[in-house]
Amino acid sequence: ALEAWQRGAGDWQQAHLAGLGQVPEWGSAEPPGLRTDVFGGSWWGWQALLTTHGTSILASQPLLVMDLSGQLVSGELTAVAHNVRGSAAAFVLPADLDRCGLLAGLSGPQFADAIAEAVHAGTPGGARADRAIDVRILHQLIAALDGDIAPARLAAATQAALGHPAGRGLLTAQEEALIAGDLFPAEYRHQIGPNLVRLDAFLTDLARYPGRSFARPAGGTAYYTCLALDCAARSARDELLIALAVQWLIVQISGSTAAAPAVIVAGADEITRPHLERLADVCERRRVPLTLMFRHLREDALAVLGGGTAAFMRLGHHAEAEQAASYIGRQHKFVLSQLTATLGGNETHTWTGTEGYGVTDAATVSSAEGWTEDHLGVGSRNAGLTRSRALTASRNWSVAQSWATGTNWSNAATAQRVYEFAVEPSVLQHLPDHALLLTRPGRVGSDLRAVECDPAIVTLPGVSTQPLAPDRVPAQIRPVMPIRR
């Protein structure tokens, strides 16, 4: 009977494995919402994630990538987009600043607002007055230039307002005379001197790049567009370019009448919190899919955690891993808390000895005297004396001995209910490069899903571009484990 059961179990297993051979092993992991925030990861992991996630988006809609990492992690995605779509444009800033169309289509007021926001990016709210003055100055300078807002001309106008000669051919004689003369009264020019110096520093650096204006890219808008910072060291110029790019992106999404492309920002740590929130709000209002990739979970990144679907890659720093574990949440479970093993023994030995001796000596003396008469009146006297003596001797002794030996042992296990991290921080610190944990809102806490973003997975057999269905085995075909008697 056992052999027949084993043959039946083997046949069932082969049939079940044959059925599973038709089920995809790999499937798509689609974020549940429009916004996805990715925290942590290495440069290799980011490159793989951009390739897999970006190509998935390109299959259904246009894509705009802002690579602010300074490591050009978007290079592989750009190459794939060139080979597959053809309509792809990639610009490396600041070298391609004049032809990327960063500020194309902006009106004079929009350009002034973008410059002021870029200059004051990350400045505390107390500098609101300086920001307002900068916007006012830029509006007046742009009006004096008749709306020709090439950065080189705007920088020359700022220098003219400071009393310096403008560059040759950048301003007309009338424009230079107006700006250096009556545009700003003397007392007002004295008060706005620090603002003019600050604007001159930023605009002059921006105007060093070739091109008189920021024209739109030739050929119109590409299906795939990538703006990437070069690998040079960070400077105030790069911070200005990042802030300008974010302002341009916000204006493009909010003012677009057509369907806006999906947006991926790699290196969102470089963007200040107010600009991040504004970008997220604009994308949510226009129903634009937005993916923000943060290298670290701290400061502004920690402040925006929870605004969308969160995904965690490797977080090497222990404090960042603990923050991520706290966001994922805790859960109740029973764990083995104590093991007790006791081994003991006892031995008892008792000896008792008793000895006794006794002697008894007894003596008895008795006497009797009396008078007796008969019927004739004749009387007689009688007397008697009795003596007795007894001597008794006795001796007794006893010996008793007893002993007892015993051994005892006990094993005990104790389990208790605890409330611990669903994912320990050490797990987040040692995730592989291509692995990430995707959190989905569940009925009770977060629903976690392990995701692999290695682009080579698509070459494996059993891969589906659709999400995997839940694995449910019907009760009637579940195997019964044999019990050996």
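## Basis of the model

Residues are numbered from 1 along each chain as its sequence is written, and side-chain values use heavy atoms, with hydrogens and water left out. Because the model is predicted, local features need pLDDT of at least 70 and side-chain atom pairs count only at pLDDT 80 or more, while totals for chains, interfaces and linings use all residues.

## Helix 4 against helix 5

Helix 4 spans residues 108–119, and helix 5 spans residues 128–144. Helices are DSSP runs (H or I, at least four residues) and strands are E runs of at least two, numbered from the N terminus. The two axes come within 9 Å and cross at roughly 145°. Axes here are lines fitted to C-alpha atoms over the stretch in contact, with angles from 0 to 180 degrees between N-to-C directions. The crossing of helix 4 with helix 5 is right-handed (the near helix is turned clockwise from the far one by less than a right angle).

Helix 4 brings G108, P109, F111, A112, D113, I115, A116 and E117 to the contact. Helix 5 supplies R131, V135, L138, H139 and I142. Contact means heavy atoms within 4.5 Å. By class, eight residues are nonpolar, two polar and three charged. Ala, Val, Leu, Ile, Met, Phe, Trp, Tyr, Cys and Pro count as nonpolar; Asp, Glu, Lys and Arg as charged; the others, Gly among them, as polar.

## T158 in helix 6

T158 sits in helix 6 (residues 151–161). T158 counts as buried because its relative accessibility is 0%. Buried means under 20% relative accessible area, with a 1.4 Å probe and protein chains only.

The side chain of T158 reaches the backbone oxygen of L154 at 2.9 Å. Leaving aside residues up to four places away in sequence, T158 touches L141, L196, L199, D200 and L203. R198 is 40 residues from T158 in sequence, yet 9.8 Å away in space, C-alpha to C-alpha.

## R35 in strand 1

R35 belongs to strand 1 (residues 35–39). R35 is buried, so its relative accessible area of 18% falls under the cut-off. Its side chain makes a polar contact of 3.0 Å with the side chain of D37 (a pair of N or O atoms within 3.5 Å, one able to donate a hydrogen and the other to accept it; residues adjacent in sequence count only if both atoms are side-chain atoms).

A polar atom of the R35 side chain also lies 3.4 Å from the backbone oxygen of V304. Beyond four places in sequence, R35 touches A280, L290, L292, V304, G307, G308 and T309.

## Helix 13 and its end

Helix 13 covers residues 318–328, with E320, A321, A324, A325 and I328 buried. These residues lie on the same side of helix 13, because they cover an arc of only 140° around the axis. The arc is taken from the directions from the helix axis to the C-beta atoms. Just after helix 13, G329 takes a positive phi of about 110°.

Notes:
Buried < 20%, exposed > 50% of the residue type's maximum accessible area, 1.4 Å probe, protein only.
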